[in-house]
Amino acid sequence: MHLKPFLLTALDSATNGGRRYHVWMGCLTLVMALGGYGYFLQLRDGLGVTGMSDHVSWGLYISNFTFLVGMAAAAMMLVLPAYVLHDVDFGRAVLMAEAVAVAALVMCLAFVVVDIGNPLAAWHLAPGIGLLNWPSSLLAWDVIVLNGYLAINLAIPFYILYSRYTGRSPAKHKYLPWMYIAVMWAVSIHLVTAFLLAGLPARPFWNTALLGPRFLATAFTAGPAFMILLLWFIDRVTEYHIKEGAFTKLALIVAIAAQVNFIMLVSELFYKFYSPTHHGINARYLFFGLDGHNALVPWIWTAIGLNAVATVALMIHPMRRNPRWLMPACAVLFIGIWIEKGMGLVIPGFIPSPLGEIVEYTPTWIELSVTAGVWAMGLFVLTVLVRVALPIEMGEVTSPYLRDPHTAAVVRPAGAGLRTGQINRPGGKRPGGDEPGRRFRTR
Amino acid sequence: MMVDRELTFEDVLRFVGASAAAEHAREQEAALASAPAKSGCGSGSCGCGNGNGNGTVLEKTVDRRRALGMMFTSVAAGAQVASACSPLSAATDEEKEIKLLQWRETIKRHYRFMTDQERADTINRLERLAKLRRNLDIHIDSTPAQPNVEYGYAFNISKCQGFRSCVDACINENNLDREAATQYIRIFEMEDGVVDLDEADATFQHEVPAEGHFYFGTQCFQCANPPCVKVCPVGATWQEPDGITVVDYDWCIGCRYCMAACPYWARRFNWSEPDVPAPVVNPNQHYLGNRARKKGVVEKCTFCIQRTRKGRLPACAEACPTGARVFGNLLDPNSEIRWVLENKPVFRLKEDLKTEPRFWYFTD
Amino acid sequence: MMLAYTLWSATHRSKLARAVRAVLLFSLAATSWNCAPGDYENATDTRQATDGRDSTAPPATGQTAQDAATALLEPGALKTVDGVVVEGRTGPGGRPFEVARRTPDPPQGFSRQFGTITLDIALRTRTPDLSQYPCISCHMGGAMRLSSQRVRDAHQNIQPVHPAETGATCRNCHAPENVELLAFQSGQRTTIDHAYRLCAQCHNAQVTAWAAGAHGKRLDGWQGRRVVLGCAACHDPHQPALQKRTPFRAPQIERKRRDP
């Protein structure tokens with residue numbers, strides 16, 4: 001009986017806000033519309049409107065897909081300590097992390113959808129009416145694990161928020177088992193995605209045992225880095241304050257993962273360059289170019305440079321503990337990983353082709369606009385989820401049935417009395433929630 | 001006036017489970033049939049949403065569930081013909097028939113799980129569609145694999161002169177996209193003593209054979225352990241009993257994972273609607289072979305399944321003017337291919353990958 | 001007719017070729033069936049004798065162009081191929097096989113349409129020449145006794161590279177008493193259909209591979225009747241190396257883009 005007001009509250013929170021909020025959502029909508037137009041052109045004329053070819057058969061879409069799977073998996077870096085290890089520092093950040101996971105998964109699925117050539121046949125993937133080639137195909141595994149992970153990451157926060165909304169305390173025995181599953185699942189989604197590429201002996205660039213661990217390392221670099229930026233933003237513009245401990249712990253995770261990633265990158269490069277075999281030719285193309293083809297060379301060196309600078313910055317304790325340095329470092333690292341693990345990982349796998357032909361890849365404007373559209377959609381989803389979660393989490397909004405069980409029965413779903421859930425009340429008393437610890441501030 | 005009276009919208013609706021709206025749609029269909037032909041998207045059975053179809057819905061103020069059902073049906077049908085939707089002109093009987101046939105084609109099953117009747121039906125529909133859309137009289141064949149036959153191919157690198165006659169024949173035989181200049185076969189020019197594809201050149205256009213070079217042809221090797229089949233998420237590609245790896249073009253979702261998985265770069269994707277001018281269409285087709293493909297699906301060499309299953313040579317082998325191509329049944333100890341394997345020095349490409357290609361290279 | 005044949009060969013590769021060829025072939029067929037081949041058929045009576053099966057008789061006169069065209073486009077093209085059972089050799093598994101035979105009229109010749117494919121053999125068939133200039137019109141009796149100057153004039157198209165390289169003369173292969181017969185080193189004679197036996201005197205390994213299917217071309221099918229092309233179908237006996245030629249167009253490596 002609380003569901004309808006709950007959804008209405010959610011809708012209410014998502015559609016109300018200050019001017020900056022509306023401008024932000026408006027911009028995202030515009031970009032989505034542009035992406036929609038690009039996708040329309042792609043549907044009409046085929047994937048030929050993209051820069052992909054028989055030689056480079058995956059491009060920007062799958063690059064973003066692999067990157068975003070990592071983002072989704074990384075949410076668990078927060079969930080794991082918060083729920084399983086009862087680390088209170090992370091408590092408030094966890095719902096945001098799950099929102100990031102959901103948004104990243106939505107983007108992942110959207111990137112897969114825009115990448116397939118015959119979307120009308122997508123129902124062939126559905127078990128029962130279609131034919132899912134499981135367990136043979138790693139892509140079938142990916143379909144299952146991504147959708148499963150999406151379901152878990154929707155269900156757990158929904159349960160917690162709904163409990164809060166209805167004034168109950170979430171029952172641990174109900175969601176904790178799912179948390180354990182989700183933690184394992186998070187690792188699995190990223191390993192499966194890595195195996196999807198690493199399982200192809202046709203592509204020696206990917207066909208390495210290190211790909212799975214590298215995927216995890218990059219995920220645990222870029223994911224928490226993005227979380228730090230998001231939490232910092234939320235901490236600054238809303239009354240939902242995050243304790244310093246959460247930031248420092250996240251920064252430590254990022255710093256360690258970035259170093260591990262760097263070590264793995266170095267061993268990968270050593271293996272590919274010390275004895276230049278056929279298996280290293282793709283890496284040669286990526287880092288130094290082949291026969292005058294060097295479209296990716298500036299990109300990968302930029303990524304390596306960004307990663308190196310950010311990793312070094314994060315290794316220095318005073319810098320890592322100061323938001324003035326931590327935030328730019330995280331942003332730089334995020335961009336660096338995005339290049340390295342997206343375009344820098346997927347595209348060179350195809351160049352040169354297994355028959356040694358070199359065809360380079362440059363995304364077209366349609367591809368770029370669809371990609372931007374999907375990212376805008378992800379940010380839109382993230383914004384909405386955060387927007388909905390915050391007032392409930394802060395106890396600002398609860399079910400009207402709780403407040404006045406007698407009138408509620410009469411008022412029904414009109415949503416009367418629900419508009420109190422404003423989150424940007426300056427100077428307002430912080431209702432409910434944990435007693436905040438020390439705030440994370442520039443020193 | 002439908003040619004096949006059974007293919008009504010009601011069937012379609014029943015299939016998609018929106019039977020609540022079926023009755024209503026029939027009224028709508030009747031209204032449409034009597035309505036004069038209109039130009040612009042949305043008229044007719046296309047169901048794009050802004051034609052008189054929606055008007056009917058609104059006038060009758062159907063209840064929510066019914067409207068949802070209608071919407072779902074419209075969206076489904078609209079999506080189906082989305083490509084044809086933009087310049088949609090008058091909904092003639094022929095166009096209606098085309099749309100219904102297309103719809104039936106969209107919802108059909110995987111070829112391997114079709115009954116014989118379903119196979120015959122889909123072939124009839126495809127032939128009819130070719131007639132209606134392009135006025136082509138094609139014949140689509142569904143000959144199954146012959147018992148005790150497993151095809152093998154041998155390529156004589158001493159003999160190949162790089163004429164590319166095989167490429168020409170392949171394009172003509174397999175209805176390859178002329179606009180995209182798709183080719184299944186690559187002939188690489190290699191320097192004597194260097195069997196290295198990275199150093200080879202496929203773009204030679206000088207007189208051949210060139211001094212000090214030999215020629216190395218690649219195409220789909222019909223691996224006995226095909227990595228492309230393993231990775232397909234929907235099982236749209238599989239190995240037939242005679243060893244040919246085929247694609248159900250109507251089941252393929254176009255994810256291109258198989259293209260990434262193929263170590264021999266044997267698969268091609270239809271990046272746009274393939275263009276084969278009517279005069280050069282090869283009308284002798286096989287469902288799993290050279291029939292018309294559509295945009296967004298993967299295709300590949302099938303050893304000319306439409307020919308080889310009838311005992312004929314693949315087009316490339318037949319067209320080769322040098323006799324560098326030997327084709328036959330690996331299970332027949334008295335076949336030419338077996339003689340080559342037993343009496344000539346042979347090797348296969350990238351054998352370390354354990355894909356077990358059914359395509360051998362040999363020298364004199 | 002020579003002109004027509006040249007045209008026919010010249011248009012071989014072009015896009016227009018199919019229609020032109022159909023018409024051309026019909027006209028050729030009509031003329032040759034009506035008059036020319038008679039002499040040739042009579043002159044080569046030995047060939048008839050060695051023919052194991054019923055040869056495909058030239059179609060009756062009055063055949064329409066439509067018939068000629070469809071005959072070429074018929075899928076089971078092997079039905080129209082005329083072959084002779086190979087002597088002295090067997091295919092893999094000891095099975096007898098046939099060698100495709102030179103026939104006088106182009107529609108029955110080798111450069112033909114198999115299904116949608118033009119079988120593009122590097123043929124230098126002498127058939128049209130033979131039908132227009134039957135050998136016996138010059139070479140009667142002691143036929144080889146022609147001055148070298150006249151030999152060159154009469155056979156401008158023959159480049160005697162092979163004899164020049166091996167030090168052979170015409171008589172090493174051609175029977176002096178009847179130039180349409182071939183002469184073994186042993187003195188035996190055979191017809192032009194069994195030229196592979198002559199080649200095998202020196203090129204035994206190649207002919208062995210040819211009989212087994214690793215050299216040369218099998219026509220039409222991998223199954224059923226095995227008909228292969230003879231040596232001279234691809235190798236000009238006087239100049240056996242395959243000639244260089246311009247290949248079919250190169251692949252487009254970069255994908256052709258169509259603007260949306």
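**Figure 1. Confidence across chain C of the predicted model.** Within chain C, helix α10 (residues 204–212) has the highest confidence, at a mean of 94, and helix α3 (residues 37–43) the lowest, at 30. Helices (H or I, at least four residues) and strands (E, at least two) are DSSP runs, numbered from the N terminus. This is a predicted model, in which local features need pLDDT of at least 70 and side-chain atom pairs count only at pLDDT 80 or more, while totals for chains, interfaces and linings use all residues. Residues are numbered from 1 along each chain as its sequence is written, and chains are lettered from A and ligands numbered from 1 in the order in which they are written. The model scores ipTM 0.89 and pTM 0.80.

Figure 2. Contact means that the C-beta atoms of two residues, placed from the backbone, lie within 7 Å. For residues 104–111 of chain C, pLDDT stays under 50, with 35 contacts beyond four places in sequence. Where pLDDT is low, the predicted coordinates should not be read in detail.

**Figure 3. The contact between chains A and B.** Chain A contributes 39 residues and chain B 44 residues. On the chain B side, the elements giving two or more residues are α4 (64–80), α5 (82–85), α9 (227–231), α10 (257–261) and β7 (267–269). The largest share, four residues, is from α10(B). By type, the chain B side divides into 26 nonpolar, eleven polar and seven charged residues. Here Ala, Val, Leu, Ile, Met, Phe, Trp, Tyr, Cys and Pro count as nonpolar, Asp, Glu, Lys and Arg as charged, and the others, Gly among them, as polar.

**Figure 4. A strand pair in chain B.** Strand β3 (residues 186–191) of chain B runs antiparallel to β4(B), joined by six bridges; two strands pair if DSSP finds at least two bridges between them. Glu191(B) lies opposite His213(B) of β4(B). Strand β4 (residues 213–218) of chain B has five of its six residues buried, that is, with 20 or more other C-beta atoms within 10 Å of their own, the C-beta atoms being placed from the backbone.

**Figure 5. Chain A.** Chain A has 17 helices and zero strands. Of its 443 residues, 50% are buried.

Definitions and conventions: Buried ≥ 20, exposed ≤ 12 C-beta atoms within 10 Å, placed from the backbone. pLDDT = per-residue confidence, 0-100.
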